[in-house]
Amino acid sequence: MGCFSWVIMIKDIGSLAINGGDKIRHRVMPPRQLFAEAELAAVRSVFFDSWAEGQDFGYQGKFENIYTQKFCEFQGGGYADAVSSGTAAVYIALQALQLRPGSSIAISPVTDPGAVSPIVLQGFKPVIVDSCIDSFNIDPEQLENVLVGNNNISAVVITHVGGWPTDIQSILAIAAKFDVHVIEDCSQSHGAMYERRRVGTFGNIAVFSTMYSKIHATGGCGGLVYTQDKWLYDRIRSFADRGKLFHLKGFDSRDPRTTEHAALNFNLDELSCAIGASTLDRLESTINARLVIAQKFDIAFEGSELVSPAHRLSTSSNVPAYYFYTARLDAAKLRTSKAEFCRAIEAEGIPLNAQYNYLAYEWPWLKPHLTQESSCSNARKFRDITFNIPFHEKYTDDEVKDIRDAVMKVESFFGSNS
Ligand SMILES: Cc1ncc(COP(=O)(O)O)c(C=O)c1O
């Protein structure tokens, strides 16, 4: 990490890559390649198995059983259904809860359209709740205020953003007081711990995206619906597969006269389940590797005047599963805009997500569906003084050093000491 001294001696603004100077990093960042030999072997095993059985593979077979059982072991018990995407998982969770038609659903301020579209498509009204100060995660106090002012809310969908667990115990206490259901969206936080328990084990239902770039993935696209309630699990399976009543004794899935209600087909196929079972074996080490790298970022920014970690590990019982790393900028010392600062770092060969545009209240398509005004000032302020560094478990000390050197180089021109 020792190139700070030469960096600050260069005072020619032309040396910044954004102005045509040589950049800090010339190589692209290492590819993640989560899907490796083990996953290829897992896919082959589905083929070999189907050939041995004399039947083509499909869905809801033995590979889904293996996968969902392993996943439940990872979570410490419960029931899981593998489905086609995180969006589908939210869609199914809402249906399984059998919420009051037309009721409102409180949602996190920062989330993915995939967590909100199912609400709108099912005729519910999303109500956005702001985040805690200095966080993208929903503020329990503000949730309570919203619930006091709106007695039509039947559920809350909580997103654990970027791998950082929400204060889920406070959310549960408030939800119980107002008799609303809790769906935990763990799509960005697989395996994160809150009070020594995995996220997803607190709410009535948890949903996970398992698409390729997530911490845990089943292939290109995929998802999981998880619960600890057997009755809900039976509903989930039914809503994930055309209203079939798998839990009934003697149920014949080939007889369409026995299905109970209209529902879509959101099954995940056996190939994806085999991939999921394989990557799940490495999930714990994946999470740990990401944690170690994030801690290296924390240390790397210690010498920075402008950039610091946006979050710090506060307790050993709450452990994030880093999806991305959020860095904070000291706006008072910055002598340019955040956008310009981030562009200069990117020009040095460092990919960033400078402006996290996942604040739901800003999405034009969602505005006509909102019945309550929400400006999410905490979430916006936090977004406006932070930027996200995408990374994964294959980053080495070289990548951490290049990122740090790029930050130091750029801040030597734009900091108050420059
Ligand atoms: C928090 C969150 N919820 C839901 C989704 C939707 O998942 P999918 O892309 O698998 O449909 C995503 C993202 O991909 C997400 O990040």
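**Strand pairing and packing**

Tutor: Strand 1 and strand 9 (residues 223–227) pair antiparallel over five bridges. Strands are DSSP runs of E, at least two residues, and helices are runs of H or I, at least four, numbered from the N terminus. Two strands pair if DSSP finds at least two bridges between them. This is a predicted model: local features need pLDDT of at least 70, side-chain atom pairs count only at pLDDT 80 or more, and totals for chains, interfaces and linings use all residues. Residues are numbered from 1 along each chain as its sequence is written.

Student: Which residue of strand 9 is the bridge partner of V83?
Tutor: G223 is the partner.

Student: Which way do the residues of strand 1 point?
Tutor: Y79, D81 and V83 point one way, A80 and A82 the other.

Student: Why is strand 1 largely enclosed by the rest of the structure?
Tutor: Because five of its five residues (79–83) are buried. Buried means 20 or more other C-beta atoms, placed from the backbone, lie within 10 Å of a residue's own; exposed means 12 or fewer, and partly exposed is in between.
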